[in-house]
Amino acid sequence: MPREELSRIERLLLVHLLDHRGNQVRFEADQWTTEFGIARKFATEDPADLKNAMRALEMSRMIYRRTQYVVGYSEPKHVLSLTATGHRMALEVQRAVGATEGEEFVPLEPADTAGAPPPGGRGSPADR
């Protein structure tokens, strides 16, 4: 599916999931990748349009849904993640947004990791 055929909400969802992809490698997913977290993030959008956009992206195999533990919840939740195709499309959308704003493309950094232990470390001595 060419980038031009994606709706505005579909493009926003792809970039949102791209921004939060770094948190998918841990055993617990980020709350912003759950259906509830996405609904909160896009609260100004029509819920029916948002649900249709998620369904369209899932049917076109740009995103997939899985059940996973989520930070802050005691039971597993449905989490949305980018497929390889969706990841490529999200990068294209991100580049196009940067180009239309007249900026040089700068890849987004992974989501805020404040309070997270350093990579490969065990956190502070108090956490041990």
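pLDDT is the predictor's confidence in each residue, from 0 to 100. This is a predicted model, so local features need pLDDT of at least 70, side-chain atom pairs count only at pLDDT 80 or more, and totals for chains, interfaces and linings use all residues. Residues are numbered from 1 along each chain as its sequence is written, and side-chain values use heavy atoms, with hydrogens and water left out. The protein chain has 4 helices and 2 strands. Helices (H or I, at least four residues) and strands (E, at least two) are DSSP runs, numbered from the N terminus.

**Confidence**

- The average pLDDT of the protein chain is 77, and 69% of the residues score at least 70.
- Confidence in the protein chain is highest in H3, at a mean of 94, and lowest in H4, at 86.
- Residues 102-128 have a pLDDT below 50. Beyond near neighbours in sequence, this stretch has 18 contacts in the model. A contact means heavy atoms within 4.5 Å.
- Where pLDDT is low, the predicted coordinates should not be read in detail.

**Overall layout**

- Along the sequence, the protein chain runs in the pattern α-α-α-β-β-α.
- Of the contacts in the protein chain with a separation of 6 or more, 61% involve residues 24 or more positions apart.
- The protein chain has 128 residues, and 33% of them are buried. Buried means under 20% relative accessible area, exposed over 50%, and partly exposed in between (1.4 Å probe, protein chains only).

- The largest nonpolar core holds 20 residues. Such a core is a set of buried Ala, Val, Leu, Ile, Met, Phe, Trp, Tyr and Cys residues joined through side-chain atoms within 4.5 Å.
- Within this core, Leu-13, Leu-14 and Ile-38 touch the most other members.
- At least two core residues each come from helix H1 (8-19), H3, strand S2 (77-82) and helix H4 (84-100).
- H1 supplies the largest share of this core, 6 residues.
- Buried residues in H1 include Ile-9, Leu-13, Leu-14 and Leu-17. Glu-10 and His-16 in H1 are buried too.
- H1 has 12 residues, which should span 16 Å at 1.5 Å a residue. Its end C-alpha atoms are 17 Å apart, which agrees. The expected span is 1.5 Å times one less than the number of residues in the helix.
- Ile-38 is in contact with Leu-13, His-16, Leu-17, Trp-32, Thr-33, Leu-50, Met-54 and Leu-80, leaving aside its neighbours within four places in sequence.

**Salt bridges**

- Side chains of opposite charge can pair when their charged atoms come close.
- The structure has 4 salt bridges. A salt bridge is a side-chain nitrogen of Lys or Arg within 4 Å of a carboxyl oxygen of Asp or Glu.
- One of them joins Arg-65 and Glu-35, with the closest N and O atoms 1.6 Å apart. This pair links distant parts of the chain: Arg-65 is in strand S1 (residues 63-68), Glu-35 is in helix H2 (residues 35-41), and they are 30 residues apart.
- Arg-65 is partly exposed, at 31% relative accessibility. Glu-35 is also partly exposed, with a relative accessible area of 29%.
- Arg-65 also forms a salt bridge with Glu-58, where the closest N and O atoms are 2.6 Å apart. Glu-58 counts as partly exposed, at 25%.
- Glu-75 pairs with Lys-77 in a salt bridge, the closest N and O atoms being 3.7 Å apart. Glu-75 has a relative accessible area of 46% and is partly exposed. Lys-77 is partly exposed at 27%.
- Shared partners join the salt bridges of Glu-35, Glu-58 and Arg-65 into one network.

**Glu-45**

- Glu-45 sits in the loop between H2 and helix H3 (47-59).
- Glu-45 is buried, because its relative accessible area is 15%.
- The side chain of Glu-45 makes a polar contact with the side chain of Arg-8, at 2.8 Å. A polar contact is a pair of N or O atoms within 3.5 Å; within protein, one must be able to donate a hydrogen and the other to accept it, and residues adjacent in sequence count only if both atoms are side-chain atoms.
- Not counting residues up to four places away in sequence, Glu-45 touches Arg-8, Ile-9 and Leu-12.

**Ala-84**

- Ala-84 is part of helix H4.
- Ala-84 is exposed, at 53% relative accessibility.
- Ala-84 and Met-62 lie 7.4 Å apart in space, C-alpha to C-alpha, and 22 residues apart in sequence.
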